[in-house]
Amino acid sequence: TNDGQLAHKILSPKKHIPKKYYALVHGEVTKTDVERFSQGIILDDGYKTLPAELNVLRAGEYSEIELIIHEGKFHQVKRMFEAVGKKVKYLRRVEISGLKLDESLEPGEFRELTDEELESLKASVRS
């Protein structure tokens, strides 16, 4: 981004901006995990996360999930799964504050936000 202040506000754990992730997790993600995530997870340093929305897309030895968190602490998603005995093998942020990230972009590529997208992001950090 060329707007460091906006980026900081969006990514700051204190602002509670929703961030949606897709992950491939080694281990079967269960209904019990979904319930635990909905109550908040205690991380390795004793910090309890805010409640998160865990959606299991496919369960098995390797599970596919979507997860919405409202903080974004250091390696939070990976640490949340480690706390329930599973390991994240692949992680991709797919949405921030309702803005879906462009799937057609290759790693390292970018595009300009539309005026509407930019205003929506600015409004999400004001509220």
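Predicted model: local features only at pLDDT ≥ 70, side-chain atom pairs only at ≥ 80, totals over all residues.
Trainee: Where in the chain is K86 found?
Mentor: K86 lies in the loop between α3 (76-83) and β4 (87-96).

Trainee: Why is K86 called buried?
Mentor: Its relative accessible area is 13%. Buried means under 20%, so K86, at 13%, is buried.

Trainee: Which residues does K86 touch, leaving out those up to four places away in sequence?
Mentor: K86 touches V25, H26, G27, E28, V29, D33 and F81.

Trainee: What makes the pair K86 and D33 a polar contact?
Mentor: The side chains of K86 and D33 are joined at 3.1 Å. The cut-off for a pair of N or O atoms is within 3.5 Å, so the 3.1 Å pair meets that distance. The side chain of K86 also reaches the backbone oxygen of V84, at 3.4 Å.

Trainee: How far is K86 from E71 in space?
Mentor: The two are 20 Å apart, C-alpha to C-alpha, and 15 residues apart in sequence.

Trainee: Which residues have the most contacts inside the largest nonpolar core?
Mentor: They are F37, I65, L67, M80 and F81, in a core of 17 residues. At least two residues of this core come from each of β1 (19-26), β3 (62-69) and α3.

Trainee: What does F37 touch, not counting residues up to four places away in sequence?
Mentor: F37 touches P51, A52, L54, L67, M80, F81 and V84.

Trainee: Which residues does the second, separate core include?
Mentor: That core has seven residues, among them L6, I10, L99 and V125.

Conventions:
Residues numbered from 1 in each chain as written. Heavy atoms only, no water. Helix = DSSP H or I, 4+ residues; strand = E, 2+ residues; numbered from the N terminus. Buried < 20%, exposed > 50% of the residue type's maximum accessible area, 1.4 Å probe, protein only. Contact = heavy atoms within 4.5 Å. Polar contact = N/O pair within 3.5 Å; in protein donor to acceptor, adjacent residues only side chain to side chain. Core = buried A, V, L, I, M, F, W, Y, C linked by side-chain atoms within 4.5 Å.
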